[in-house]
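Dear colleague,

Please find below the structure that I am handing over to you.

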Amino acid sequence: MTERLCRTCGTTITAKSKSGLCRPCARKDPEIKAKKSASVKLAYQRDPVYLEEQRQRLLERNRSNKMRALAGKKAKELRIWEKGNAAMTPELRQRAGKTLSERRLSHIPPEVRDDYRRLTRNRFRRDEATALVMDLHAHRMGKFIRKLVQESA
Ligand SMILES: [Zn+2]
């Protein structure tokens, strides 16, 4: 029997190979990739339980320390933050700033956030400023509620 060779790279392949390619070349071949992808897709469509199992398996795998470290390394290699920064428009930056500010001040009622900002700018510590604006808010709410009660009486 003559030795079979991969039709792309020329390494020896087994007689069983249907594609005439070695494994690494077969993995890169677009036609074979498309076939494999289609058959996996079909298997997922036929069996929702299998799909869910695979989904969970991949989620767990991606959450592992090893995969996280790999993703981090890849991100550094690709310097992805540069792409992110380049994609930022002034409008996006403004929106991001607003979102971050709202998240940081989520413990402060919106009505007294400007007061809080003024106090922290005037060298009050965050916990002091929080206590002051929460008092102010409670006072205003008390007044508001008393007014409502009077009006409805
Ligand atoms: Zn090959």
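The notes below describe a helix pair, a nonpolar core and several loop residues.

Please bear in mind throughout that this is a predicted model.

Helices α7 and α8

Helix α7 covers residues 113–121 and helix α8 covers residues 126–152. The two pack at an angle of about 145°, and their axes lie 9 Å apart. Their crossing is right-handed. On the α7 side, the contact is formed by Asp115, Tyr116, Leu119 and Thr120, while α8 contributes Arg126, Ala129, Leu132, Val133 and Leu136. Sorted by class, six of the residues in this contact are nonpolar, one is polar and two are charged.

Considered on its own, α8 has 27 residues and spans 38 Å from its first C-alpha to its last. That value is close to the 39 Å expected at 1.5 Å a residue. Helix α8 is hardly covered, as the count of buried residues among its 27 residues is two.

The nonpolar core

The largest nonpolar core consists of six residues: Ile108, Val112, Tyr116, Leu119, Ala129 and Val133. The elements giving two or more residues to this core are α7 and α8. Tyr116 and Leu119 of α7, together with Ala129 and Val133 of α8, also belong to the contact between these helices. As for Ile108, leaving aside residues up to four places away in sequence, it touches Arg113, Tyr116, Thr130 and Val133.

Loop residues

Arg79 is placed in the loop between α4 and α5, the latter being residues 80–87. Is Arg79 buried or exposed? Arg79 counts as exposed, because it has 10 C-beta neighbours inside 10 Å, and the cut-off for exposed is 12 or fewer.

Arg123 is found in the loop between α7 and α8. With 8 C-beta neighbours inside 10 Å, Arg123 therefore counts as exposed.

Lastly, Ser64 lies in the loop between α3 (48–63) and α4 (65–78). Ser64 is exposed, because 10 other C-beta atoms lie within 10 Å. Ser64 and Glu52 are 12 residues apart along the chain, and their C-alpha atoms are separated by 19 Å.

With kind regards

Technical notes: Residues numbered from 1 in each chain as written. Predicted model: local features only at pLDDT ≥ 70, side-chain atom pairs only at ≥ 80, totals over all residues. Axes fitted to C-alpha atoms, helices over the stretch in contact; angles between N-to-C directions. Helix = DSSP H or I, 4+ residues; strand = E, 2+ residues; numbered from the N terminus. Left-handed = near helix turned anticlockwise from the far one by under 90°. Contact = placed C-beta atoms within 7 Å. Nonpolar A, V, L, I, M, F, W, Y, C, P; charged D, E, K, R; others polar. Core = buried A, V, L, I, M, F, W, Y, C linked by C-beta atoms within 7 Å. Buried ≥ 20, exposed ≤ 12 C-beta atoms within 10 Å, placed from the backbone. Expected span 1.5 Å × (residues − 1).
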